[in-house]
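Here's a quick briefing on a helical packing problem you can follow along with on screen.

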Amino acid sequence: MKIYCQECGAGNSPESKRCRICNASLPAADAKPDYGKFDFEAKPVAAKEQQPPMYLLWSLALTFCCCTPLAILGIIFGIQSASAFKKKDYDRAERKSETTRKVLVWGTVLGFVMWIVIFVSGILD
Ligand SMILES: [Zn+2]
């Protein structure tokens, strides 16, 4: 059984008195083991390493119901965002993702307006 350093979390053999990494004094081997809180802690992924959303499903949904030109723009910007991310151009990927979102919001709003206009003009006719 290993004993874990309370300073740096490194595992040390039970007979060692001091940590092999940071030289802090270790608890006795028969003390209750402190199961490496450091070892199991998930490292948070930096925001930059997360791919910004492509909104591809939204674009596709928009393509099939209304406002096709904006939906196609959405697909194009989404793909540009993803390819910028692959080239590790995170700022560009972020900007393109944001543009995609704006285009799709407009496409959705205009699509709704279009359908309402069609609906209303159908009633008035
Ligand atoms: Zn240590």
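The axes of helix 2 and helix 3 come within 8 Å and cross at roughly 160°. Axes here are lines fitted to C-alpha atoms, for helices over the stretch in contact, and angles run from 0 to 180 degrees between N-to-C directions. This is a predicted model, so local features need pLDDT of at least 70 and side-chain atom pairs count only at pLDDT 80 or more, while totals for chains, interfaces and linings use all residues. Residues are numbered from 1 along each chain as its sequence is written.

**Helix 2 against helix 3**

- That angle makes helix 2 roughly antiparallel to helix 3 (under 35 degrees counts as roughly parallel, over 145 as roughly antiparallel, 65 to 115 as roughly perpendicular and the rest as oblique).
- The crossing of helix 2 and helix 3 is left-handed, as the near helix is turned anticlockwise from the far one by less than a right angle (clockwise would be right-handed).
- From helix 2, Leu 56, Trp 58, Ser 59, Leu 62 and Thr 63 meet Thr 68, Leu 70, Ala 71, Ile 72, Gly 74, Ile 75 and Gly 78 in helix 3; contact means that C-beta atoms, placed from the backbone, lie within 7 Å.
- Sorted by class, this contact of helix 2 with helix 3 has seven nonpolar, five polar and no charged residues (Ala, Val, Leu, Ile, Met, Phe, Trp, Tyr, Cys and Pro count as nonpolar, Asp, Glu, Lys and Arg as charged, and the others, Gly among them, as polar).

**Ala 71, a residue in helix 3**

- Ala 71 sits in helix 3 and is buried, with 23 other C-beta atoms within 10 Å (buried means 20 or more such atoms, exposed 12 or fewer, partly exposed in between, with C-beta atoms placed from the backbone).
- The C-alpha atoms of Ala 71 and Ser 59 are separated by 4.9 Å, and the two residues are 12 apart along the chain.
- Beyond its neighbours within four places in sequence, Ala 71 is in contact with Ser 59, Leu 62, Thr 63 and Gly 107.

**Helix 4 joins in**

- Helix 3 and helix 4 have axes that come within 8 Å and cross at roughly 165°, and are therefore roughly antiparallel to each other.
- Their crossing, helix 3 with helix 4, is left-handed.
- Residues making the contact include Leu 73, Gly 74, Phe 77 and Ser 81 of helix 3 and Thr 100, Val 103, Trp 106 and Leu 110 of helix 4.
- By class, the contact of helix 3 with helix 4 has 12 nonpolar, eight polar and two charged residues.
- Helix 2 and helix 4 pack at an angle of about 25°, with their axes 10 Å apart, and that makes helix 2 roughly parallel to helix 4.
- The crossing of helix 2 and helix 4 is left-handed too.
- Trp 58, Ser 59, Leu 62 and Cys 65 of helix 2 make the contact with Leu 104, Gly 107, Thr 108 and Gly 111 of helix 4.
- That contact of helix 2 with helix 4 splits into four nonpolar, four polar and no charged residues.

**Nonpolar cores**

- The largest nonpolar core has 10 residues, among them Met 54, Trp 58, Leu 70, Phe 77 and Leu 104 (a core is a set of buried Ala, Val, Leu, Ile, Met, Phe, Trp, Tyr and Cys residues joined through C-beta atoms within 7 Å).
- Helix 2 (56-65), helix 3 (68-86) and helix 4 (90-124) are the elements that give two or more residues to this core, and helix 3 gives the most, with four.
- A second, separate core of five residues includes Tyr 4, Cys 5, Cys 19 and Leu 26.

**Positive phi**

- Most residues other than glycine have a negative phi.
- Tyr 55 has a positive phi of about 55° although it is not a glycine; Tyr 55 lies in the loop between helix 1 (37-40) and helix 2, and is buried, with 21 other C-beta atoms within 10 Å.
- Lys 88, also not a glycine, has a positive phi of about 60°; Lys 88 lies in the loop between helix 3 and helix 4, and counts as exposed, with 10 C-beta neighbours inside 10 Å.

**Whole chain**

- The protein chain has four helices and two strands (DSSP runs, H or I of at least four residues for helices and E of at least two for strands, numbered from the N terminus).
- Of its 125 residues, 22% count as buried.

Definitions and conventions. Contact = placed C-beta atoms within 7 Å.
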